[in-house]
Amino acid sequence: MVAGRRILLVRLRLIGDVVFTTPLPRGLRRHFPDADITYVVEPLAEPIVRGNPHIDHILVVPRQHGFARWKDDWSWARRLRAERFDIAIDLHGGPRAAWLTWASRAPTRIGYATPGRSWMFTHTVARPDGLAPRHSVRNQWDLLTPLGIGPCDPAHDPVEMAADPEVESRVSARLRDAGIARGTPLVLIHVSAGNPFRRWPPEAFADAVVELARRDPARRFILTSGPSDADAARAIVSQTRARLGPDGSAVMTDDYDIRELRSLAARAAVYIGGDSGPLHVAATTS
């Protein structure tokens, strides 16, 4: 095993999946204190790793299709090879991530044992059954095993997302403009999820808001959603306001980007939502 100092991490696609990888740079930094760590990510999830103190460089690979993707991937392959990485780890397991990992030509290439792609790696790790009762962070951490790195300790290797002072200031101003002072019991509710079977029914969200508001009139509620569910969020706010009467102004909806959602989650007394990227972003706050 090459105890290299230039390390490449490749994790494409979804926000939540990138969140699950954030303990790994910390573990690598602890094992290789002087390592130079580069993380390859797609634009949607780039805010998750931006500002991470254990990552030295972030390369944002746009999602392309057809000939544009083929051409772009060859360009990225040349760039990664020129970086002369010692270790490259495919944290994704998909065809594109595996190809970029292989194209880096790092002497040590680690990935999941996947039919048709294992040959791209010098070391493979068994991919756990998707139905196994084991957290995805531990599954990702298995990819560090060939480097001699021991088991993940959640107490020392939490999921993380760096706070941004500019974002914090912006969110503070928006809350202040909405009449929500610091110290106000804030409930953040995200009504979207990637798949229908992960979504809570709108009436269930409305029932929860009404019950929580009645138990403590001091609470304030912010409902957020993905772009395709903005109408649903507004409908839930309308329903709850109608049921709460004069107290309905405590419930509102607004648009926040992923870094602003992290700031809101950090301030909230509780986060409510389905299995989605924002849920995992909320888990990065304490």
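## The sheet

Start with the open sheet: six strands sit in the order β3-β2-β1-β4-β5-β6, and their pairing is parallel. From one strand to the next, the twist averages 15°. Keep in mind that this is a predicted model.

Now look at two of the strands. β1 (residues 6-10) and β4 (residues 87-90) run parallel and are joined by four bridges. Opposite Leu-9 stands Ile-89 of β4.

## A helix across the strands

Helix α5 (residues 95-103) lies across β1, β4 and β5 (108-112). Its direction is at about 175° to that of β4.

## The nonpolar cores

The largest nonpolar core has 49 residues, and the members that touch the most others are Leu-28, Ile-89, Leu-147 and Ile-222. Take Ile-222: leaving out residues up to four places away in sequence, Ile-222 touches Leu-175, Ile-180, Leu-186, Val-187, Leu-188, Ile-189, Met-252, Tyr-256 and Leu-264. Another core, of 19 residues, lies apart from the largest one and includes Leu-59, Phe-85, Ala-106 and Phe-121.

As background, nonpolar side chains in soluble globular proteins tend to be buried together.

## A look at Gln-140

Is Gln-140 buried or exposed? This residue of helix α6 (residues 136-141) counts as buried, because its relative accessibility is 6% and the cut-off for buried is under 20%.

What does Gln-140 touch? Setting aside neighbours within four places in sequence, Gln-140 is in contact with Arg-11, Asp-17, Phe-20, Thr-21, Leu-24, Leu-91 and Tyr-112.

How values were computed
Residues numbered from 1 in each chain as written. Predicted model: local features only at pLDDT ≥ 70, side-chain atom pairs only at ≥ 80, totals over all residues. Heavy atoms only, no water. Core = buried A, V, L, I, M, F, W, Y, C linked by side-chain atoms within 4.5 Å. Buried < 20%, exposed > 50% of the residue type's maximum accessible area, 1.4 Å probe, protein only. Contact = heavy atoms within 4.5 Å. Pairing = 2+ DSSP bridges. Axes fitted to C-alpha atoms, helices over the stretch in contact; angles between N-to-C directions.
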